[in-house]
Amino acid sequence: MYDKFKDECGVFGIFGNPEAANLTYLGLYALQHRGQESAGIVSADGEKMHASRAMGHVADAFTEASLLSLPGHLAIGHTRYSTAGESRLENAQPFLIECAHGQIAIGHNGNLVNARELRDELVQGGSIFATSSDTEVVLHLYARSKKPSVEEALVESIAQLQGAYSLVLLTKNRLIAARDPHGFRPLALGTLGDSWIVCSETCAMDLIGATYVRDVEPGEVLIISEGGVRSIQPFPPLPLAHCVFEHVYFARPDSYVFGRSVNEVRTEFGKILAREAPADADVVVPIPDSGVCAAIGFAEEAHLPIQMGLIRNHYVGRTFIQPQQSIRHFGVKLNPVRSILEGKRVVLVDDSIVRGTTSRKIVTMIKAAGAREVHLRISCPPTISPCFYGVDTPSRAELIGATHTIDEIRKHVEADSLAYLSLDGLRSAVGTQQNSYCTSCYTGVYPVAFPRDEHAYLQLALKAVD
Ligand code: SF4
C-alpha cells in the first residue's frame, strides 16, 4: 500500500576474513531495505571467484549450501531494486566477467546518466550486452581498456561515467571501492578485526560487529589488498550532491550517512516542522515506520504526547487465501488503534507524499476510527520532480506535489490541515554541509545533466504551489 519513492540498491564488500561470504550475507540482510528484488554474492579465494545470485529477499536468495559454494577470504554482495534495467535474474548483481585483465565482479548503487550513450558507442564498437542494466557498461569499458594494470584500466573506465555510483568491485585478490565525485550515494569504510569492510550504510557494520572508520570520499577509489588499503583520488573534484532523500526516507535511522546520524537528522526535521507548522492537537501519531523519527521530533517540540495510533501488520501478503473484494482493508498494512484516536485531534506525521493515494487511505482510516481532526505534517518539501540518480520515481505527471497546490492536496487526502517542511528547514536540519546536498526532487534543479530522452519526464509544467 505504500506510496513511496523506491529504494535503490545496497552494496557490501569485505577483505581478509575466512567467513567472507557469510558476513556478506549478514551485511546484505541489514541492507535489505535498499532493494528487495534480487540479491547476490561473489567471493574470491586468491585463485578463483565464485558467484551466487537469485531473485527475491536475501533470506530467500541464499541457502546454507549456496553460501558454502562461496569460499574465500574476500567477497562483495549486492541487494537490488531495479532503478535501471528490468527485474530479472540476468540483471541481478554482482556481475562477474572474465576479460583480458582477468576476472572481475561489480556491484553498483546509483544510476549512470550517460549509460545509454556509452552503451550505444560500445555496441557500435562490437560489444554484446548480456543485461539491460546500466552497470554493465562499466565492465565493457574495463574489458576494452588497453591500460596495462587492473587499477589503471578501472580508473580509465570509471572516469567515463557520469551520474551516481557507489561501486564495490572484486578481483581474485583485491577489493575495490569507488564513489562518484558528487558523492550522491553513501559508502562507508570500516574494520572487523583485521578485515576491511565497505558498505552502503553503517547499520550493516553494526550487525556484524564491525567498526565504522570513515566514509569513502566522493571521487575516491580505494584498493584493498594483502598490501593494505591504498587511496587514490584520480578524478577532478566536482560540487558535492549527497542525496538528501537518504536522510528523509531511504537510510535506516540507526545508520550514519554523509557523516550524520539519520535518526538525529530525521528527528530534527520533525522539530523544525513543529515550529514552522504547529497544530492545535491532542496527540502526535507517526505513520510507521517512515514517520516515526520526525513524529518524535514534532511531539517533543510541540509538547504533545506521541502515541502509536497506527499499527503495522508485518505479515500481510503472506497468506495464500484470496479474500473477496468486499473485504475492504485486506492487504492494508496499517491498522488504527481506536482507543488512541477516538475523539482526538491528531497530528499525523509522515516523511513524504508521492502520489497521495496512501495518505488519503490513512487519513480516512484514522477518521473512521473516531479521530475528530487530522492534521497531516510531512517532514520534507513537496516532491515535484523525478530523480535521475538511482532512485525509482514516477514521472512528474504522477507526482501530486507537481500537479496540485498544497490546498488541493489537502482536499484530496481529506485532511483538516496539511503542511510540509520548508526547503530552508530541510537544509538547516542537515546542518553545516547543507550546500553539499542534492535536493533536485524538491527543486527541479539538477546538479548533473540527465539524458535527453529523459526530458519526457519533465514535460509537464509545474503548478504553482500555494
Ligand atoms: S533527486 Fe532527490 S532522490 Fe534523487 S539524488 Fe537528488 S535528493 Fe536524492
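**Stop 1: the ligand.** This is a predicted model. Select the ligand and show the residues around it: Arg185, Cys243, Val244, Phe245, Cys387, Tyr389, Val391, Cys438, Ser440 and Cys441. Colour this shell by class. Eight residues of the shell are nonpolar, one is polar and one is charged. Now draw the cavities. The largest cavity is the space that the ligand takes.

**Stop 2: the antiparallel sheet.** Next, switch to cartoon. Step across the seven strands in the order β3-β2-β4-β1-β10-β9-β11. The sheet is open, and its pairing is antiparallel. Which strands stand at the edges? They are β3, residues 49-55, and β11, residues 211-215. Each has a single partner strand, so one side of each has no neighbour in the sheet. From one strand to the next, the twist averages 15 degrees.

Zoom in on the β11 end. Select β9, residues 188-192, together with β11. The two run antiparallel and are joined by four bridges. Pick Ala188 and look across to β11: its bridge partner there is Asp215.

Stop 3: Select Gln93 and Pro94. The peptide bond between them is cis, with omega near 5 degrees. Pro94 sits in the loop that links β4 to β5 (95-99).

Then select Pro288 and Asp289. A cis peptide bond joins this pair too, and omega is about -10 degrees. Asp289 is placed in the loop between β17 (283-286) and α10 (292-302). Keep β17 and α10 selected, as the next stop uses both.

**Stop 4: the parallel sheet.** Show the four strands β17-β20-β21-β22, listed in sheet order. This sheet is open, with parallel pairing. At its edges stand β17 and β22 (417-420). Each of these has a single partner strand, so one of its sides is left without a neighbour in the sheet. The twist from one strand to the next averages 20 degrees.

Select β17 with β20, residues 345-350. Four bridges pair them in the parallel sense. Pick Pro286, and opposite it in β20 stands Val349.

Bring α10 back into view. Helix α10 packs on the sheet and touches β17, β20 and β21 (373-378). Its direction makes about 165 degrees with that of β17. Finish with helix α12, residues 357-368. Helix α12 also packs on the sheet, touching β20 and β21. Compare the direction of α12 with that of β21: the angle is about 150 degrees.

Note on methods. Residues are numbered from 1 along each chain as its sequence is written. This is a predicted model: local features need pLDDT of at least 70, side-chain atom pairs count only at pLDDT 80 or more; totals for chains, interfaces and linings use all residues. Side-chain values use heavy atoms; hydrogens and water are left out. Two strands pair if DSSP finds at least two bridges between them. Axes are lines fitted to C-alpha atoms, for helices over the stretch in contact, and angles run from 0 to 180 degrees between N-to-C directions. A residue is near a molecule or strand if one of its heavy atoms lies within 4 Å of it. On a 1 Å grid over the protein atoms alone, a cavity is a set of points where a 1.4 Å probe fits but cannot get out, and a pocket is an open set with protein on both sides within 12 Å along at least five of seven lines; lining residues have an atom within 4 Å of a point. A molecule sits in a cavity or pocket if more than half of its atoms lie within 2 Å of its grid points. Ala, Val, Leu, Ile, Met, Phe, Trp, Tyr, Cys and Pro count as nonpolar, Asp, Glu, Lys and Arg as charged, and the others, Gly among them, as polar. Contact means heavy atoms within 4.5 Å.
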